[in-house]
Amino acid sequence: MELRPFTAADARSLDEVCIRTGQHGGDASQLYEEPTLLCDLYLRPYLALEPSLAFVAVRHGRPLGYIVGTADTLAFAARCENEWWPALRARHPRPADGDNSPDAQLLRRLHQGVGMETLPFLSDHPAHLHIDLLPEAQGHGMGRRLMERLFAALRERGAAGVHLGVSALNERALAFYRRMGFDTLQPQPWGEWMGRRL
Ligand SMILES: CC(C)(COP(=O)(O)OP(=O)(O)OC[C@H]1O[C@@H](n2cnc3c(N)ncnc32)[C@H](O)[C@@H]1OP(=O)(O)O)[C@@H](O)C(=O)NCCC(=O)NCCS
C-alpha cells in the first residue's frame, strides 16, 4: 500500500470509503437513504477547502482510505459557513420537526453547522482531522502512516495540537487513537473529544 497526496480523481472512491466506514467505523450504506450526506459533512468540505491536507492510501491504483483535516478549525468553520454549507442548505430542506430518522439527523447538522467553532479546547488543539480506511486496508500500519504524514503537515502550518471526535461504539478507533498519543479532552454522550499536542 502506498500513501500519496489527494488528487481530484480520487474523490469518488473516497466517498465510498466515507460511507463504508460511516457507522462507528462500519458500513453506513444501509443506514441512510442518502448516504452521500455523510460525505457532504465529513469528507468533501476538506477535499474542497483543504486539499493540501488530504492524503490517500492506495493499493494497485485504488484508493482504500484517507486522512483529511485542517490546521485552523475556527478559520475552516468560517469558510464552511461562507463557501460550503449555503449550496447544500439550498439543495436539502430542513427535516420536519419530530423526524428523527438517520438522514434527518445529518440534515439538521448540515443546517445548524457541525458546531466545531464552539469547542472549548481550540486554543490548545486548533487542528482537527478525520481518518477512514476500508476493512481490507486496516491493521497494516497505514493508519499510523497517514496520521504521521498529517501531523507533519499540521506542524509545518504552525498548529500546536490536534483534536478529533470518536464514537463510544468505535472501540477499535478509540484504541488506535490512544496508541497514537491522543487523550480524552471532553467526554460526550456520543463518545468523546480527544486531542494531542503536535
Ligand atoms: C481506526 C483506523 C484508522 C486505524 O488504522 P489502522 O491502519 O487499522 O491502524 P494501524 O495498523 O496503523 O495501527 C497503528 C497502531 O495502533 C494500534 N492499534 C490499532 N488498532 C488497535 C486496537 N484495536 N487495539 C489496540 N491497538 C490498536 C496498532 O497496534 C498500531 O500500534 P504500533 O504502530 O505502535 O505498532 C482504521 O482501523 C479505520 O479506518 N477504521 C474504520 C474507520 C474508523 O473507525 N475511522 C475513525 C472514525 S473516528
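Helix α6 (residues 142–156) lies across β1, β2 (55–59), β3 (62–70), β4 (127–133) and β5 (161–167), and runs at about 155 degrees to β4. Contact here means that C-beta atoms, placed from the backbone, lie within 7 Å. Axes are lines fitted to C-alpha atoms, for helices over the stretch in contact, with angles from 0 to 180 degrees between N-to-C directions. Keep in mind that this is a predicted model: local features need pLDDT of at least 70, side-chain atom pairs count only at pLDDT 80 or more, and totals for chains, interfaces and linings use all residues. Residues are numbered from 1 along each chain as its sequence is written.

**The sheet**
- Seven strands make an open, mixed sheet, ordered β1-β2-β3-β4-β5-β7-β6.
- At the edges sit β1 (2–5) and β6 (183–188), each pairing on one side only.
- On average, neighbouring strands are turned by 25 degrees against each other, direction ignored.
- Helices (H or I, at least four residues) and strands (E, at least two) are DSSP runs, numbered from the N terminus, and two strands pair if DSSP finds at least two bridges between them.

**The β6/β7 pair**
- β6 and β7 (residues 191–197) run antiparallel, joined by five bridges.
- P187 has E192 in β7 as its bridge partner.

**Two histidines with positive phi**
- H24, in the loop between α1 (11–20) and α2 (36–42), has a positive phi of about 50 degrees despite not being a glycine.
- H24 counts as partly exposed because it has 16 C-beta neighbours inside 10 Å; the cut-offs are 20 or more other C-beta atoms within 10 Å for buried, 12 or fewer for exposed, and partly exposed in between.
- H60, in the loop between β2 and β3, also has a positive phi, near 50 degrees.
- H60 has 7 C-beta neighbours inside 10 Å, so it counts as exposed.

Key:
Contact = placed C-beta atoms within 7 Å.
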